[in-house]
Amino acid sequence: MCGIVGAIAQRDVVPILQEGLRRLEYRGYDSAGIAVITANSALQCRRAAGKISQLSALLDQSPVAGHLGIAHTRWATHGEPTTANAHPHLSSDKIAVVHNGIIENHEELRAELQSSGYVFSSDTDTEVITHLVHYYLLETHCLLSAVERTLTRLHGTYAIAVAAAGEAGRMIAARQGSPLLIGVGVGEHFIASDVMALIPVTQQFIFLEDGDIADIHLDAVNIFDAHGAPVERPMQMSGLSADTIGRNGYRHYMLKEIFEQPEALTETLAGRFADGHVLENSFGDKAASIFDRVREVRIIACGTSYHAGLIASYWFDEIAGIPCRVDVASEFRYRQPVVTPDTLIVTLSQSGETADTLAALEEAKRCGFKYSLSICNVPESSLVRASDLVLMTRAGPEIGVASTKAFTSQLVALMMLVLVLGRRHALSLEGEAGIIDELLSLPAAIHQVLQLNDEIK
């Protein structure tokens with residue numbers, strides 16, 4: 001749940017980094033920090049335990065400015081939530097690194113680096129990345145090469161951004177198992193772990209794939225895949241705006257999102273029915289041929305999405321007449337599932353970046369499951385790109401921690417899947433049309449209930 005923001009521009013990037021961190025507060029965190037390459041190419045870092053407001057107060061007391069910087073909000077995994085364990089982590093005041101993910105071999109790397117004379121100031125797994133980059137930079141004299149060599153040593157997951165003293169025009173980013181994207185501006189570039197961090201500065205984004213390394217400059221971005229070969233990743237436009245992710249007069253995001261449920265369900269249902277039937281191409285061009293073969297459904301998800309899957313499992317039994325099994329993603333990825341022919345793997349995720357769900361889908365493919373469908377709310381997400389079929393929920397960003405509109409829109413999407421599979425098995429055409437009528441009446445019914453808010457209060 002950590003957040004990354006970075007920027008390289010012809011203006012002071014510190015306000016951009018601070019605003020980006022504020023927009024990632026909903027993800028949860030216990031410390032925050034910023035590292036900036038100053039006008040004289042020196043590396044300056046400010047870190048604080050606690051809220052971003054404490055980091056802002058520190059920056060007011062001890063200002064820093066520069067045209068390149070990286071920033072981070074941390075949720076403690078390795079080490080207590082202290083200033084010493086906050087990101088960015090530095091090596092010899094030359095290298096700064098921010099990192100999301102977990103480095104599984106960090107203890108082995110720490111011992112190796114300590115034997116080479118490196119002194120550790122934190123309990124984190126991230127600090128080994130910082131010192132490794134410094135170690136290889138001394139050998140290669142090239143920041144990109146140093147990062148590339150560092151990544152070959154890491155076992156685990158990461159999204160990282162690297163800045164170096166003396167490299168005021170260059171930032172390196174890389175990902176493996178954790179989301180990271182590049183924002184494209186006019187004569188400036190940004191990075192973030194979440195689109196919402198960068199909406200005030202750009203709506204053009206490049207989404208990095210697993211194994212990618214990006215060499216980012218003011219006027220250019222060069223991306224290399226896991227084999228070191230240059231690759232082009234498409235640029236996409238985001239439909240989000242500052243208004244979309246504001247509270248719009250509500251006291252908090254959860255209340256706003258409760259009241260957005262009628263609109264979210266209307267969007268999820270829109271354009272997906274004709275003549276009393278679900279349109280199968282809503283799931284993708286290959287949907288009909290895959291659905292014709294499906295004899296069983298296996299739903300994989302975490303948290304709230306898992307509970308949506310549990311509800312849908314009853315519908316598959318009672319309405320569609322086909323068996324359905326539901327797995328918690330973190331359990332599925334560590335078991336040895338029996339692969340049954342003609343099973344549809346259905347993954348559910350609001351963000352499409354849930355690490356356990358992504359890993360479970362990868363494991364399902366490795367085991368030999370043929371078909372996959374993602375029900376997701378973010379079209380640019382890793383889960384969507386990894387699935388054969390996709391049904392977008394169109395609920396808009398959900399910032400409140402307790403899920404509301406994402407949950408109800410997932411249920412609507414799952415019912416649509418029940419209908420398209422059910423009509424191939426136990427569901428009559430009249431039964432499908434009746435359920436669709438009820439689905440289409442849901443937004444108005446929810447709106448009517450929400451009008452009782454003041455009376456209930």
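Trainee: How much space lies in the second largest pocket?
Mentor: About 210 Å³. A pocket here is an open set of points on a 1 Å grid over the protein atoms alone, where a 1.4 Å probe fits, with protein on both sides within 12 Å along at least five of seven lines. The volume is the space filled by probe spheres set on the points. This is a predicted model: local features need pLDDT of at least 70, side-chain atom pairs count only at pLDDT 80 or more, and totals for chains, interfaces and linings use all residues. Residues are numbered from 1 along each chain as its sequence is written, and side-chain values use heavy atoms, without hydrogens and water.

Trainee: Which residues line the second largest pocket?
Mentor: Among them are Leu-265, Trp-315, Thr-408, Met-415, Glu-438 and Ile-446. Lining residues have an atom within 4 Å of a point.

Trainee: Which elements give two or more residues to that lining?
Mentor: Helix 13 (405-422) and helix 14 (429-450). Helix 14 gives the largest share, five residues. Helices are DSSP runs of H or I, at least four residues, and strands are runs of E, at least two, numbered from the N terminus.

Trainee: New topic. What order do the seven strands of the open sheet take?
Mentor: 5-6-7-8-12-13-14, with antiparallel pairing. Strands pair if DSSP finds at least two bridges between them. Strand 5 (89-91) and strand 14 (230-231) are the edges, each pairing on one side only.

Trainee: How many bridges join strand 13 to strand 14?
Mentor: Two. In one of the pairs, Ile-223 has Val-231 as its bridge partner.

Trainee: What does helix 5 touch on the sheet?
Mentor: Helix 5 (residues 143-151) touches strands 6, 7, 8, 12 and 13. Contact means heavy atoms within 4.5 Å.

Trainee: On to helix 11. How many residues has it?
Mentor: Helix 11 (residues 355-367) has 13. Its buried residues include Thr-357, Leu-361 and Glu-363. Buried means under 20% relative accessible area, with a 1.4 Å probe and protein chains only.

Trainee: What covers the buried residues of helix 11?
Mentor: The cover includes strand 20 (343-349), strand 21 and helix 12 (382-386).

Trainee: And what follows helix 11?
Mentor: Gly-368, with a positive phi near 115 degrees.

Trainee: In which sense do strand 21 and strand 22 pair?
Mentor: Parallel, over four bridges. Ile-375 has Leu-391 of strand 22 as its bridge partner. Leu-389 and Leu-391 point one way from strand 22, Val-390 and Met-392 the other, and all are buried.

Methods: Buried means under 20% relative accessible area, exposed over 50%, partly exposed in between (1.4 Å probe, protein chains only). The expected span of a helix is 1.5 Å times one less than its number of residues. Axes are lines fitted to C-alpha atoms, for helices over the stretch in contact, and angles run from 0 to 180 degrees between N-to-C directions.
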